[in-house]
Amino acid sequence: MNSKTNLNKAAVSHTSAGVYIKKLAAGGMLVALTVSLSGFSIPIGASKCFPIQHLVNVLAGVFLGPAYGVAMAFASSLIRNLSGTGTLLAFPGSMVGAYLSALLFQKTGKLLLAYVGEITGTGLIGALLSYPVAVLILGKEVAVFFFVVPFLMSTVCGTLFAAFLLETLRRLGLLSYLRQLIN
């Protein structure tokens with residue numbers, strides 16, 4: 001009985017390690033995608049939208065979960081800042097959006113709520129959290145709601161891209177397959 005229990009523990013440990021490695025690899029690929037495409041922008045009015053981070057936040061929310069989503073958003077923001085393609089404002093926006101998207105999807109299994117989580121997390125909460133970063137760290141004098149409109153424009157664009165991609169994967173029967181493959 002004792003050897004059977006040890007064998008079961010080893011199987012669970014091996015399975016957990018496999019899921020960890022798969023999620024780590026998928027998160028690394030999402031970080032690489034975000035960083036490599038961070039130069040892609042869409043001009044909307046007076047604003048430039050960088051939708052790839054938001055697309056990837058939703059993908060991380062659906063495929064990886066909250067912890068990996070936040071870690072992926074942090075790593076992407078850090079690399080983009082170190083390479084000069086991002087600002088410190090990327091941290092609060094991307095991390096809150098990734099977390100809320102993943103949390104709502106994890107709790108409900110509904111893609112629509114993953115989209116709502118990204119838009120709310122980045123476009124509203126992340127934008128408001130960017131205010132103290134801008135004022136205290138970057139030394140910019142801006143209004144509290146200054147970042148809401150640009151963040152919302154960017155996150156809506158990226159979330160629409162994610163919705164199109166995930167709907168395509170769902171219709172092809174690949175969404176559930178990829179989720180099973182990673183988990």
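## Annotated segments

Residues 112–138 are 96% helix and 0% strand, with 35 Å between the end C-alpha atoms. The model is predicted. Residues 144–166 are 83% helix, again with 0% strand. Their end C-alpha atoms lie 34 Å apart.

Both stretches come from the UniProt record. Its unreviewed entry carries the annotation "transmembrane region" for residues 24–46, 58–79, 85–105, 112–138 and 144–166.

## Helices α4 and α5

Two packed helices are described by the angle between their axes and the distance between the axes. Helix α4 spans residues 90–108, and helix α5 spans residues 111–137. They pack at about 150°, and their axes are 7 Å apart. Angles over 145 degrees count as roughly antiparallel, so α4 and α5 are roughly antiparallel to each other.

The crossing of α4 past α5 is right-handed. Twelve nonpolar, eleven polar and one charged residues make up the contact of α4 with α5.

## The second largest pocket

Rolling a probe the size of a water molecule over the atoms shows where empty space is left. The second largest pocket holds about 290 Å³ of space. It is lined by 13 residues. Closest to its centre are A26, M29, L30, F63 and I182.

Which helices supply at least two residues each to this lining? They are α1 (2–36), α2 (52–63), α6 (148–171) and α7 (174–182). The largest share comes from α1, with five residues. By class, the lining has twelve nonpolar residues, no polar residues and one charged residue.

Note on methods:
Residues numbered from 1 in each chain as written. Predicted model: local features only at pLDDT ≥ 70, side-chain atom pairs only at ≥ 80, totals over all residues. Heavy atoms only, no water. 1 Å grid on protein atoms, 1.4 Å probe; cavity = no way out; pocket = protein on both sides within 12 Å on 5 of 7 lines; lining within 4 Å. Points joined across faces, edges and corners; volume = space filled by probe spheres on them. Helix = DSSP H or I, 4+ residues; strand = E, 2+ residues; numbered from the N terminus. Nonpolar A, V, L, I, M, F, W, Y, C, P; charged D, E, K, R; others polar. Axes fitted to C-alpha atoms, helices over the stretch in contact; angles between N-to-C directions. Parallel < 35°, antiparallel > 145°, perpendicular 65-115°, else oblique. Left-handed = near helix turned anticlockwise from the far one by under 90°. UniProt positions renumbered as here; feature names shortened; annotations may be inferred.
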